[in-house]
Amino acid sequence: MTGAVASLPGVLAVIGVDDRGPSDGTGSANCPHCGASGRYVIRFVCDDGTTRAAMRGCFKLFGESQSLTAQLTQEAFRRSDDARLGRRPLATWWAAILEAVEKMQRDHDVPAFRAAVQASEQRRQSWLRANGYGRRRRR
Ligand SMILES: [Zn+2]
């Protein structure tokens, strides 16, 4: 429904992941990017200053969507949902990333935002190493 793939901007940060219910037709939403039906809508800010939304498949078409910052911010919102649903507590480094996302939306200080996300990730990696986990789990 939109223009050429080459015109898609780069992802700066994920700013939310909305669960629109099962994708079996009972509670689904449509991808804001292509119109396909699905469940999770990822909201994100881009390096051209726009705020966009897309489902997982289309999110991947955007530049930098596989960058560490984009992946970590996406994961932080997923963990925050888990915590809200009582599945597991929210680790301080995920909370710090969510705070950094909020702050960046207010002050638009992108370098400070990236630094905050990296610092949180370093704390997480240290904790994982200290607790006997491998360098990285599934993602
Ligand atoms: Zn789509």
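Select R78 first: at 32% relative accessibility, this residue counts as partly exposed. The model on display is predicted. From R78, turn to E75, with which R78 forms a salt bridge whose closest N and O atoms are 3.0 Å apart. R78 and E75 are three residues apart in helix α2, so about one helical turn separates them. E75 itself counts as buried, at 6% relative accessibility.

**Along helix α2**

Being four residues apart in helix α2, E75 and R79 are separated by about one helical turn. R79 counts as buried, at 16% relative accessibility.

Next, select D81 and R84, whose side chains meet in a salt bridge (2.6 Å, N to O). These two are three residues apart in helix α2, again about one helical turn. D81 counts as buried at 19% relative accessibility, whereas R84, at 60%, counts as exposed. The structure holds eleven salt bridges.

Now display α2 as a whole, residues 68-84. Its 17 residues should span 24 Å at 1.5 Å a residue, and the C-alpha atoms at its ends are 24 Å apart, which agrees. The buried residues of α2 include T69, A70, L72, T73, Q74, A76, F77 and D82. Which elements cover them? Among those that do are β1, β4, α1, α3 and α4. Just after α2, select G86, which takes a positive phi of about 75°.

**The nonpolar core**

Select F44, F59, F62, I97 and F113. These residues have the most contacts inside the largest nonpolar core, which has 32 residues. Elements giving two or more residues to this core are β1 (11-19), β4 (40-46), β5 (51-55), α1 (56-59), α2 (68-84), α3 (92-107) and α4 (110-130). The most comes from α3, with seven residues. Colour domain 1 (11-59) and domain 2 (68-130) separately: both give residues to this core, so it lies between them.

Then centre on F62 and show its surroundings. Leaving aside residues up to four places away in sequence, F62 touches L8, P9, V11, H33, F44, C46, R52 and A54.

**The zinc site**

Move to the zinc ion. Which atoms coordinate it? The SG atoms of C31, C34 and C58 do so, at 2.2 to 2.3 Å. Along the chain, the donors follow the spacing C-x2-C-x23-C. C31 lies in the loop between β2 (29-30) and β3 (37-38), and C58 in helix α1, so this pair ties together parts that are 27 residues apart in sequence. Both C31 and C58 are buried.

**Two loop residues with positive phi**

Select E64, in the loop between α1 and α2. Although E64 is not a glycine, its phi is positive, at about 65°. Is E64 buried or exposed? With a relative accessible area of 51%, E64 is exposed.

Finish at H108, which lies in the loop between α3 and α4. H108 is likewise a residue other than glycine with a positive phi, near 55°. At 59% relative accessibility, H108 counts as exposed.

How values were computed: Residues are numbered from 1 along each chain as its sequence is written. This is a predicted model: local features need pLDDT of at least 70, side-chain atom pairs count only at pLDDT 80 or more; totals for chains, interfaces and linings use all residues. Side-chain values use heavy atoms; hydrogens and water are left out. A nonpolar core is a set of buried Ala, Val, Leu, Ile, Met, Phe, Trp, Tyr and Cys residues joined through side-chain atoms within 4.5 Å. Buried means under 20% relative accessible area, exposed over 50%, partly exposed in between (1.4 Å probe, protein chains only). Domain bounds come from an automatic or database domain assignment. Contact means heavy atoms within 4.5 Å. Donors are N, O and S atoms within 2.8 Å of the metal (3.2 Å for Na, K and Ca); water is not among the atoms, so sites may look incomplete. The expected span of a helix is 1.5 Å times one less than its number of residues. A salt bridge is a side-chain nitrogen of Lys or Arg within 4 Å of a carboxyl oxygen of Asp or Glu.
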